[in-house]
Amino acid sequence: MNLIDHSLLEGYLVRTRWFGGKGRPFHVTAVRQLGELTDAGRDPAVRVLLITVEYADDEGGTELYQVPLSAYDEFDDRHSHAYVGAIEFEGRERHLYDAVHDRDAMALWLRGFIAAEPSGRADVGGLRFRRVAASPALDPELRSSPLTGEQSNSSLRFDDTAIMKLFRKVNPGLNADIEIHDVLTNAGSEHIAELYGWIELDLDGEVLQLAMLQELLGTAADGFELATASVRTALADPELTVAESGGDFGGEAARLGEALAEVHAALRERFPLERRGPDATAQLARTMTERLERALPIVPEIEPYADRLRALYDSVARLDGLDVQRVHGDLHLGQTLRTSHGWRIVDFEGEPGRPFAERALPDSPWRDVAGMLRSFSYAPGVVEMSLAGRPTEDEEQELRGERAKEWSAIAREHFLHGYATACDPDDAKAATELSPPLQALLDAYEADKAVYEAIYEKRNRPSWVRIPLDALERIAAR
């Protein structure tokens, strides 16, 4: 498989959703085989490749991607959508496919996990399959099917039993998603999808983690989709208040706040809370200010709020310290699932744009809170954008905007109340009113997230930039 032409892989990478370098000039500079899974020599033969991508623009840099390929002697039309190309191998032509889309190939992964059940570990084809001790036994007849919609990784389900996430962009070291799910699973947390196992190997003296297997929450509903459905109900008849419309999301938001507080508490037990001094808050304020300054040339609409945002960040710099711990790091409604038993929080891999080493660093739990607050502003903003083209009277449009703000305010208030109450049930005041320093810190985290969103929207969906700008206007007006 080392004979594979690099240009063949380059052509496939740009056709995938998960490759992060689309739009940038790049070359595949190295291909390394990590493992090989086979079934008594029968097709498909599956080889797990590690591809080095080197960028040729001013930003430069290299990235590592995992690409498992299944090989057949004959072209297989069943997998034509995942066709990578053909190569000459050992004197014959072999047709290559992305193995995630190949049910026969993924059965080999399942067998690896099953082999690890008695002892918790099995070495198969150069890969190390690990199982969590309390995880259920797996049926070898489970069939795989890839999920759609995910961008940075690839996920597939094994019938209604388990879901496997295959990490595409990889780095040596512990993957935060596996590490935190392992801790929370062993702690018995009810607010995650239980971890069943993972795949890893040793590479040049470091561990490289390739995939994780989890409980499948088959009947769960996506948190953001639930929220936007609630907003649509609230805006259907803007003459009614949110409570009268039946679109009040306050109860769900409060329960989500409680779930996040319990997850943070469980993480503190394994990764203790650290108190950092004024240097930490000063550095946090500098980072936020630098992001603001970089954003201004890209999104000049931020300028009217810039001075007040700088003043907000300065107030954070003057705080006497910062409590930090392991957190989610990229929390929003799209990282939550609502099951019949309550809210589950998923995808603890951290912010995709940050280096792997940074994602595992302790941070303030209020960053997670701020991320969710931004989501409670985004949901009505997205619905309003979808309704913007409908012919309506100006008065109705204005009233609809008021109802959207009302929905957001209710959800935000209940979420914060649920979170604060669960953090300290004995402090009734903290559940209703944050202290001024804490409010400033939360406002700063939320503003920093909104600045990041404004840059993204300006570059990708310019008509949506109004959503984060509304947040900056509200925060700056405090």
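Predicted model: local features only at pLDDT ≥ 70, side-chain atom pairs only at ≥ 80, totals over all residues.

Q: Why is Glu396 called partly exposed?
A: Its relative accessible area is 33%. Buried would need a value under 20% and exposed one over 50%, so a residue in between is called partly exposed. Glu396 also belongs to a negative surface patch, together with Asp237, Glu239, Glu395, Glu398 and Glu402.

Q: What makes Asp204 exposed or buried?
A: Asp204 has 62% relative accessibility, so with the cut-off for exposed at over 50%, it counts as exposed. Its place is the loop between strand E12 (195–203) and strand E13 (206–215).

Q: Which peptide bond is cis, and how do you know?
A: The bond from Asp43 to Pro44 is the one to look at: omega is near 5°, and the bond is cis. Most peptide bonds are trans. Pro44 lies in strand E2 (residues 42–55).

Q: How do you know that E14 and E17 pair?
A: Pairing needs at least two bridges between the strands. E14 and strand E17 (residues 336–339) have 2 bridges, in the antiparallel sense, so they qualify. One of the contacts has Asp222 with Leu337 of E17 as its bridge partner.

Q: What about E17 and E18?
A: They pair over 4 bridges, again antiparallel, so they meet the requirement of at least two. Arg338 stands opposite Trp343 in E18, and a hairpin joins E17 to E18 through 2 residues.

Q: Why are E14 and E18 called edge strands?
A: The open sheet has 3 strands in the order E14-E17-E18. Strand E14 (221–222) and E18 each have a single partner strand, so one side of each has no neighbour in the sheet.

Q: Why is the contact between Glu200 and Arg130 called a salt bridge?
A: The N to O distance between their side chains is 3.1 Å, and the cut-off is within 4 Å, so the pair counts as a salt bridge. Glu200 lies in strand E12 and Arg130 in strand E7 (residues 127–131), so the contact ties together parts that are 70 residues apart in sequence. Glu200 is buried, at 6% relative accessible area, while Arg130 is partly exposed at 26%.

Q: Which other pairs meet that rule?
A: Among them are Arg275 and Asp323, at 3.2 Å, N to O. This pair links strand E15 (residues 274–276) with strand E16 (residues 322–324), 48 residues apart. Another is Arg291 with Asp448, whose closest N and O atoms are 2.9 Å apart. Arg291 is in helix H7 (residues 278–298) and Asp448 in helix H13 (residues 436–460), 157 residues apart, and both residues are buried.

Q: How many salt bridges does the rule give?
A: The count comes to 42. Arg374, Arg412, Glu446, Glu453 and Arg474 are linked in a network of salt bridges.

Note on methods: Residues numbered from 1 in each chain as written. Heavy atoms only, no water. Patch = residues over 30% accessible without salt bridge, like charges linked within 9 Å, V, L, I, M, F, W, Y side chains within 5 Å. Areas by Shrake-Rupley, 256 points an atom, 1.4 Å probe, with all protein chains shown as cover. Lys, Arg positive; Asp, Glu negative; His and termini not counted. Charge placed at Lys NZ, Arg CZ, Asp CG, Glu CD. Buried < 20%, exposed > 50% of the residue type's maximum accessible area, 1.4 Å probe, protein only.
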